[in-house]
Each structure stands twice: as structure tokens, then as C-alpha cells.
Amino acid sequence: MAVSTSTPKVPEYIFAEKIGSGSFADVYKAFKKGKTREVAAIKCVLKSNLSKTALDNLISEIKILKELKHEHIVEMKDFIWDDRFIYIIMEYCSGGDLSNFVKSRRRLSETVCQRFLQQLASALKYMREKKVSHFDLKPSNILLTSRNNPVLKIGDFGLAQHMPEDDTNCTIKGSPLYMAPEIVLKRQYDAKVDIWSVGVILYECLFGKAPYSSKTMDELIEKIKKDKPIDVPYGTNISQECRNLLQSCLERDVSKRIDFERFFSHSFVDLEHKPCPENMTKATDLLTMAVNFDECQEYEQAFRHYCQALQYLVPILHVESNASKRVVLRRKISEYLNRTEDLKKIINNESDALKNIKIPTIQMRESVGYAEYRGNREELLRMTATTPQIHSAIEIAASGELYTREGNYAIAFEKYQLALGKLLELLQSEPKGRRKDLLREEVTRWMSQAEFLKEVLNKDSPQASVSEEIFVEGDDKNCSIQ
């Protein structure tokens, strides 16, 4: 039977462009009729294309999606059918998928990877509570709510199933590049295959390609068959926490691979500090106490409470959708970070009171846009020493960083604009190689910094109090450094 190429129709929706397609379905962006014009993604499955296995997978997907309601899982709003199609009406995610996001940036910073991983882990923990395993976790099945301030959502549950704790399976499921070795080698496997897939996704986000990336399927299978540990690329600058989790997830021996309980409690995943209303309240309370201790010159207690508050506060910054509030919160976090550094100098670094405190790190400063640079700048400067145009543009952008740290945002923004105008043009004609990769990293980071400065400069009242803009509780005195 010939497949019809006509656009499907759902009475309550107006179809727009096609945003995806697969073996059995096409996905369209659509608008709900009426005043709200709510946007949705509609998966249209042509019945005549469905084999029995595909139909079983579709039924399983619908059943599971009806049960799963979580902020990091794509929501199914409804499903209907007509003579030709089955329609699954889903939440629309305008940022595309994680695969394209990584490709557009070559690779992501550890800070961004940690934030995405935390969101992914939160969804997996919820799925574990529902005894659901996905079996096809990969970047193309993870959607982003937007491009500028993205939040992850797991999608495509076509291979997911309810799986009791001790259940094992022998059926090949998933995408080979992201499959755990025990699936590809046709051994029995259990829900821990999702942990392996998470490790592959983290690896790809960090380094720009999956650990078993291959040109052919035969080459891929050969790599998987080799009983060889997956190594972190030589010379990679990642934290010990990140390295430990990556190696624990990508352990070929299932008995040695990290289990879900240890994964969810791992310090790099850090689910304890995931953004939520309860953690905003904790941050507010801790800051109030920190400021009070500070005023009373009880510096060790103040230091302790600032550090604890920042662990809750920084992740909240990255999910704040209101640009105005985000600018204010970013400023306040920077103030608190500066104060913790001042207090650290005041009190004895060897004090017993400090030994078990997680002190704000360089990564935390990077995540709010106020970090001293740490990376491959010196190497890039050496490689561009004979190319004056690139060399001078890099120095101009670096001066923008200095002006940013000094609070001269207007001058900093001008420096970034001038440097990026030159570098983006030069990047187009730069030949492939290490120098181009390093230059692209710098340009991407400076573009992000320029976007932040643009937010700051466009804000009408940048000195608005955090208590008015952000915190539910507390007054100006309790939310300002005295």
C-alpha cells in the first residue's frame, strides 16, 4: 500500500512545519485553535506503516507517558486517532535536541554538563520510582526547552518498559552507539544499561563525540567487543568528581558499574542542590543567617552559611526564565562569592570549622560569569603569535574580561563586540585543526559573556533588591552584604 504524503489533520490544531521524522512517524509543530494559541508537538504515526512490534512499542510508549509527569520528561498532553493516523500530542520543546546542541558548540563546558546531568538524573530517579527503564537514552532523544536558557526533557519512550528490580532481558534494544556492551554482545542485561547510556551522553557532551564513535557498524561492533576500558582523552581538563563519575558509568563489567543509588548520591550529580522551591527557601534562610553572623563578626559561621547557601543558589540561577530576575540574582551571587573569599582570608584556612565545608569553586564562578579564566588561552596565544589579526582580537576580548570583573560593563561589552566582530569573520576562514578548535571555544565563551552583559545593560533598574525580585522571604537588610 502506498504511503500518503498529505499532511495529517487534528481538528483542534493548526499544523505548522515538520520538525522531525523517523521510521514510523513524523512530528509537526502545531498550534491549538483558540485565544491561547498553545504550541504543541504532534507525533503522527501512519497505521499502515506499523508492524506488530512497532505497534506494541507505540502502545507501550503511550501507556508509560500517561503515567510519567515530571519537569524533565516531555509531557504527553493527549492522544487520538483516525482512519489513517495515531496522533500523540506532546509538549513542544523549541530548543531542538541535545545532539544538535552539542554539535553546534563542538563540546560543552563541565559546568553546563553538570547542570544537564543533574536534570537528567532527576528524571531517571523519578522513573526508577515508577520502575520504568528507558533503554534508548541518547542525545537525539533528549530535548531542550529553548536554546538560550535550556532545560532538558527526556523524550521518545518507544523502547521503555516497566522493569522489576531483579528482572533481566535478552532482547536487543536501543541505539548501538549508546548501548551498554552487555546488550550488543547479547548477554542478559538489566536496568543498569541506562547508567551506561548516561555515561556515553556525558562523554559526548564533554568531548564532542561518543567513546565508540565509528565510521561503519562493523567498526563499532569491533570496538564494543574489545574488552578495553574507556579512557578519558589525554590532556583533558575535567574535575576529579566528573572523571570519577564518567569512569564509574562507563564500566564494562556490570557488577562493577555504579548502581542507581550511588549514581543519584554522587557529588557530581548533586541532586541535593537541584533547583526547586524548597531549595530557594533553604538558600534564603541560610543567607539571612550568614548576614547576621557576618554583622556580629562571627566569621566562621558566616563563611559556613554563605557556602551552603551558594550551593543551592547557583543552580537556581540557571533555571530562572525571567531575564530581569536572572540579572539581579547573578549580581547577588557574585557579591556572596566575593564575601566568602574575603572571609576565607580573615579566618584561618586550617581551622577545623572549615575542613568539611564545600568552598565555592572556580566552576561555580564560571557558571555565573565572573570567573578568572582557566583553560587553553596561553596555548592559543602561542599558536596565533604569527597571525596578528587573531592575536590582537584575543587580547581585546581578554581586556573585556578585566573590565567585567571591575564592574565596567559598558566598556567590557564594547570590547567583546569589537573582538567578536573580528574573530567570527576570521574563524570562517580558519583551517581545521587544534588552533581552530581552541579559537572556537574562546569565541563561544565570549559570546556567552557578551549576552550576559547585554542583559545587565538593558535592565532598567539593576540595583533592585533581591528580596523584591527573587526571594519569597526576607527583607533588604537580610539579603544584602553589609
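Is aspartate 227 buried or exposed? In this predicted model, in which residues are numbered from 1 along each chain as its sequence is written, aspartate 227 is exposed, with a relative accessible area of 71% (buried means under 20%, exposed over 50%, partly exposed in between; 1.4 Å probe, protein chains only). Local features need pLDDT of at least 70, side-chain atom pairs count only at pLDDT 80 or more, and totals for chains, interfaces and linings use all residues, while side-chain values use heavy atoms, with hydrogens and water left out.

The partner of aspartate 227 in a salt bridge is arginine 252, with the closest N and O atoms 3.4 Å apart (a salt bridge is a side-chain nitrogen of Lys or Arg within 4 Å of a carboxyl oxygen of Asp or Glu). Arginine 252 is buried, at 13% relative accessible area.

By this rule, the count comes to 17 salt bridges. One of them joins the side chains of glutamate 61 and lysine 43 at 3.1 Å, N to O. Glutamate 61 belongs to helix α1 (residues 52–67) and lysine 43 to strand β3 (residues 39–46), so the pair ties together parts 18 residues apart in sequence (helices, H or I of at least four residues, and strands, E of at least two, are DSSP runs numbered from the N terminus). Glutamate 61 is buried, with a relative accessible area of 5%.

Confidence is expressed as pLDDT, the predictor's confidence in each residue, from 0 to 100. The protein chain has a mean pLDDT of 82, and 83% of its residues reach 70 or more.
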